[in-house]
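Work through the exercises below with the sequence and the model side by side. Each task is followed by a worked solution.

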Amino acid sequence: MFAISLGDDGAELRPLEPWRAEEFLAHMDRGRDFIGQHIALPDFVADLDSARSFLRSYAEKAASDTGRIYGIWTDGTLVGGVLFRTFDATSGTAEAGCWLEPTAAGKGLITRACRVVIDWAIEERGIHRVEWHASVKNGASIAVARRLGMTREGVLRENYPHRGTRTDTEVWAVLAPEWRAAKAGAAS
C-alpha cells in the first residue's frame, strides 16, 4: 500500500479500495449532511453494502483505466477524497472531483490532493484536459478550481438533479500546457 504525503501536517493520500468499505461508511456518516449539500455521494453510500459496491465500482474503473478514487487521511482518519469520475487516456480527458467532511474543511487538503492526482494524470498518463464540475452554489469547490489554475468555461443550466431540485453546474478545466506552465512558474 502506498501513501503520498500531502504536507507537513501529516495528511496523506492513499488508494480508497473496497476493503476499506467500513471506514468509508463511517467517514460518510460523519460528514453526510455536509458532503451531501452539493453532491449525491452520501445518497449512494447509505450502508455497508452500498459503500462496498461504490468502492468496487471504482476498483473496476481503475482496472479498466476509466476512473480512480483516493482517500485523504489525517491522523489516521479518513476525512475526504478525490477521484477521477471519468478518465479516458485515449482521448486525453478526465473529470476530477472531490468531497470532504466538515472537520477537515479549510485546510487546503483538497487542493493539495488534487495537485498530486492531476499532475500524475498529465505527466504520467498523458491526459491533456482535466475538467472540474461544481454546483454554482458550491463556493469552496469553485475556489479549488481557481487555485488549481483552471479556467471557467461555462455553466450547464439545470443539468444536475440533486435531491429534488435541478441545479446549475460550472465547468472548469485545465489543459496540460497550462498545468506545466503554472508548475514552471511556481518553481521559479
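**Exercise 1: a pair of helices**

Helix α4 (residues 109-123) and helix α6 (residues 176-187) pack with their axes 10 Å apart, at an angle of about 120 degrees. The model is a predicted one. Classify the orientation of α4 and α6, then describe their contact.

*Solution.*
- Step 1. Start from the angle of about 120 degrees. Angles of 65 to 115 degrees count as roughly perpendicular, and only those over 145 as roughly antiparallel. α4 and α6 are therefore oblique to each other.
- Step 2. Take the hand. The crossing of α4 past α6 is left-handed.
- Step 3. List the contact. α4 supplies Arg115, Ile118, Asp119, Ile122 and Glu123, and α6 supplies Ala176, Trp179, Arg180 and Lys183.
- Step 4. Sort these residues by class. Five are charged, four are nonpolar and none is polar.

**Exercise 2: a second pair**

How are helix α1 (residues 21-35) and helix α3 (residues 48-63) oriented, and which residues meet?

*Solution.*
- Step 1. The two axes come within 9 Å and cross at roughly 110 degrees. α1 is therefore roughly perpendicular to α3.
- Step 2. α1 and α3 form a right-handed crossing.
- Step 3. On the α1 side, the residues are Ala21, Glu22, Phe24 and Leu25. They meet Leu48, Ala51, Arg52, Phe54 and Leu55 of α3.
- Step 4. By class, the α1 and α3 contact has seven nonpolar residues, two charged and no polar.

**Exercise 3: the largest pocket**

What is the volume of the largest pocket, and which residues lie nearest its centre?

*Solution.*
- Step 1. The largest pocket holds about 1,100 Å³ of space.
- Step 2. Its lining consists of 37 residues. Nearest the centre are Ile39, Gly97, Cys98, Trp99 and Asn138.
- Step 3. Find the main contributor. Strand β5 (residues 93-100) gives the most to this lining, with six residues.
- Step 4. Sort the lining by class. There are 21 nonpolar, 12 polar and four charged residues.

Notes: Residues are numbered from 1 along each chain as its sequence is written. This is a predicted model: local features need pLDDT of at least 70, side-chain atom pairs count only at pLDDT 80 or more; totals for chains, interfaces and linings use all residues. Side-chain values use heavy atoms; hydrogens and water are left out. Axes are lines fitted to C-alpha atoms, for helices over the stretch in contact, and angles run from 0 to 180 degrees between N-to-C directions. Helices (H or I, at least four residues) and strands (E, at least two) are DSSP runs, numbered from the N terminus. Angles under 35 degrees count as roughly parallel, over 145 as roughly antiparallel, 65 to 115 as roughly perpendicular and the rest as oblique. A crossing is left-handed if the near helix is turned anticlockwise from the far one by less than a right angle, and right-handed if clockwise. Contact means heavy atoms within 4.5 Å. Ala, Val, Leu, Ile, Met, Phe, Trp, Tyr, Cys and Pro count as nonpolar, Asp, Glu, Lys and Arg as charged, and the others, Gly among them, as polar. On a 1 Å grid over the protein atoms alone, a cavity is a set of points where a 1.4 Å probe fits but cannot get out, and a pocket is an open set with protein on both sides within 12 Å along at least five of seven lines; lining residues have an atom within 4 Å of a point. Grid points are joined across faces, edges and corners, and a volume is the space filled by probe spheres set on the points.
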